[in-house]
Amino acid sequence: MTDPKFEIQMLHDRVMVKVEADAEERRSSAGIVIPATVKMANRLVWGEVCGAGSNVRTVKTGDKVLFNAEDQYEVEVHGQIYLVMRERDLHAVATQQTDHGTGLYL
């Protein structure tokens, strides 16, 4: 007998985000190599929204969002790590259509 599958549904203003994989090392705009082991204070990261609660108003599944990965709740589903946070913890959203954009694109 197979186990039943349960679909995850986010509640209220919660957003589930899959963090984009970081490169092994980064380069500064001046070309300086920054090893992956260097801790950068208050670094924001991009991730993809995988689920959003019914009270979330500004993002939808598939949007790329900018947030602080520190102090967020982690959950592992089928070996993949996701972060769960409130919508208000998001700093920016990258979407194909916007009314109030910055003029910068990913």
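This is a predicted model: local features need pLDDT of at least 70, side-chain atom pairs count only at pLDDT 80 or more; totals for chains, interfaces and linings use all residues.

Trainee: What share of the contacts links residues 24 or more positions apart?

Mentor: If you take the contacts with a separation of 6 or more, 59% of them are between residues 24 or more positions apart.

Trainee: Let's do the sheet. In what order do the strands lie?

Mentor: Six strands form an open sheet in the order E6-E7-E1-E4-E5-E8, and the pairing is antiparallel. Strand E6 (73-77) and E8 stand at the edges with a single partner strand each, so one side of each has no neighbour in the sheet. On average, neighbouring strands of this sheet are turned by 40 degrees against each other, direction ignored.

Trainee: How do the pairs on the E6 side look?

Mentor: E6 and E7 are antiparallel and pair over five bridges, with Glu74 having Leu83 in E7 as its bridge partner. Their hairpin has two residues between the strands, and in it His78 takes a positive phi near 50 degrees. Moving along, E1 is joined to E7 by five bridges, again antiparallel, and there Val15 stands opposite Met85 in E7.

Trainee: And over towards E8?

Mentor: E4 and E5 pair over five bridges in the antiparallel sense, and E5 pairs with strand E8 (residues 90-94) over four bridges, also antiparallel. Another pair to look at is Leu66, which stands opposite Ala92 in E8.

Trainee: Staying with Phe67, what else does it touch?

Mentor: Leaving aside neighbours within four places in sequence, Phe67 is in contact with a list of residues including Val17, Val19, Trp46, Leu83, Met85 and His91.

Trainee: Which residues make up the largest nonpolar core?

Mentor: That core has eleven residues: Val15, Val17, Val45, Val49, Val56, Val59, Val65, Phe67, Leu83, Met85 and Leu90. The elements that give two or more residues to this core are strand E1 (14-19), E4, E5 and strand E7 (80-86). There is also a second, separate core of five residues, among them Met10, Met16, Val77 and Tyr82.

Trainee: Changing topic, where is Val59 found?

Mentor: Val59 is in the loop between strand E4 (44-52) and strand E5 (64-68).

Trainee: Does Val59 count as buried or exposed?

Mentor: Val59 counts as buried because its relative accessibility is 9%, and the cut-off for buried is under 20%.

Trainee: What does Val59 touch, then?

Mentor: Not counting residues up to four places away in sequence, Val59 touches Val15, Val49, Ala52, Val65, Glu87, Leu90 and Val93.

Terms used:
Residues are numbered from 1 along each chain as its sequence is written. Side-chain values use heavy atoms; hydrogens and water are left out. Buried means under 20% relative accessible area, exposed over 50%, partly exposed in between (1.4 Å probe, protein chains only). Contact means heavy atoms within 4.5 Å. Two strands pair if DSSP finds at least two bridges between them. Axes are lines fitted to C-alpha atoms, for helices over the stretch in contact, and angles run from 0 to 180 degrees between N-to-C directions. A nonpolar core is a set of buried Ala, Val, Leu, Ile, Met, Phe, Trp, Tyr and Cys residues joined through side-chain atoms within 4.5 Å.
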